[in-house]
Amino acid sequence: MSTAVTLPGPTATARSRTHPQLVLDVGAVERNVRTIRRVAGTALLAVVKADGFGCGAEATARAALAAGATGLGTATLDEAVRLRRAGFAGRVLSWLHPVDADWETALRLRIDLGVSSVDHLRAVALAARRTGSTARVHLHVDTGMARDGAPVREWRRLVREAAAALDAVETVGVMGHLPCADDPGHASNADGARLFLGAVAAARAAGLRPSLRSLAATEAALRLPGTAFDLVRVGGGLHGIGPGLEAAATLTAPVVLTRSVRRGTPVGYGHDGVAEADTVLATLPVGYADGLPRGLHPDAAVQLAGRRCRVVGRVSMDQVVVDAGPHGVRPGEVATVFGPGRGGAPTTADWARWAGTVERDVLTAIGPRVERAEVRS
Ligand SMILES: *Cc1c(COP(=O)(O)O)cnc(C)c1O
């Protein structure tokens, strides 16, 4: 499904007049990496999980590395393996694993492993001894998420276990993750940072030498000075999610059909929406199967021929209807569903508000039927 074409200009790509496209501006990714590195003042790991937040893991990774990222991060081992097999030779870290993950493949491919429990550490050490390799691990401490990361009460046992496995396991890093970094004044930020430093100290006291202390993701890297330590792990920020960054993704969809309707004409399933005036309705070939949120605020709109055109009626599985206004649009006109917001076009922040969700959800929801493309601005 995915194709990558590189063309000049921020949105115009060869097939955008006939196909919905999620277009990644790799120039924007590069600028975002530089911006975050400047603010954080540390090395940056580019997190390209969930296919690079839906925009293409490889394209995002290439751009981030070109702009100075020192490695790549993923949630799952499969995602990390795919990057390695695609030829990314530098540091690749994954951190969300079942205890019986395919550790041997991970070690053979020299993938750094986030480790959140004693059981995981033992399994990794066993695989390393079996294959005669040394695992590079980042011990992950829970700094307030109660999700992944070892609970603090298990931390001492975990670092002792790692210290006892020096023949097979090199602890290159300690990682944590802050739950409320988008709210800089939240008390859990200081608590999490304190806890993190305590965890690093305990690791050192156990004889470990972690050189990569990594606590901050995008929001902390930008808003919480003092949490960047040695490495920030940046996902959403690559695509412009975060303060002071530039949106890198644009979702476009061509008009496939138009019709003139009278005021009051009901539209779509359940007749939830009606035309508010005599107008022209335009049909776009993207729907909830493509990740367009189905529950939307009435303000939800796309940009068409330089104007905001509201969504009318329910989003269908494959299509959505927008009000193109009394003068209508030419067939083949390309709607911007979301993008950097140039010319008043909606952004992922708008869609997140209209759908009652977050920008990461809007972006990662975009499905495989939507063609991927690359541009550089
Ligand atoms: C997703 C994720 C990141 C990147 O998060 P952003 O806030 O999008 O930068 C970093 N660390 C962990 C553990 C994650 O799960």
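User: Which residue stands opposite valine 169 in E8?

Analyst: That's alanine 135. Keep in mind that this is a predicted model, where local features need pLDDT of at least 70, side-chain atom pairs count only at pLDDT 80 or more, and totals for chains, interfaces and linings use all residues. Residues are numbered from 1 along each chain as its sequence is written, and side-chain values use heavy atoms, with hydrogens and water left out.

User: OK, what counts as a strand or a helix here?

Analyst: Both are DSSP runs numbered from the N terminus: helices (H or I) have at least four residues, strands (E) at least two. The protein chain has 11 helices and 20 strands.

User: How many bridges join E7 to E8?

Analyst: There are 6, and the two strands run parallel. Strand E7 covers residues 135-140. Two strands pair if DSSP finds at least two bridges between them.

User: And which strand pairs with E8 over 3 bridges?

Analyst: Strand E9 (residues 212-214), also in the parallel sense. There, serine 214 is the bridge partner of methionine 175. To get from E8 to E9, the chain passes through helix H8 (residues 187-205) in a right-handed β-α-β crossover.

User: What does right-handed mean?

Analyst: With the strands pointing away from you, the path from the first strand over the helix to the second runs clockwise. E7, helix H7 (residues 152-163) and E8 also form a right-handed β-α-β unit.

User: Is E8 buried or exposed?

Analyst: Of its 7 residues (169-175), 6 are buried, so E8 is largely enclosed by the rest of the structure. Buried means under 20% relative accessible area, exposed over 50%, and partly exposed in between, using a 1.4 Å probe and protein chains only. Across the 377 residues of the protein chain, 55% count as buried.

User: New topic: where does alanine 301 lie?

Analyst: In strand E16 (residues 301-304). Alanine 301 has 3% relative accessibility, so it counts as buried.

User: What is it in contact with, leaving aside neighbours within four places in sequence?

Analyst: Its contacts (heavy atoms within 4.5 Å) include Arg308, Cys309, Val337, Trp351 and Trp354.

User: Last one: what does the protein chain span along its principal axes?

Analyst: The C-alpha trace spans about 75 × 40 × 40 Å. Of the contacts in the protein chain with a separation of 6 or more, 67% come from residues 24 or more positions apart.
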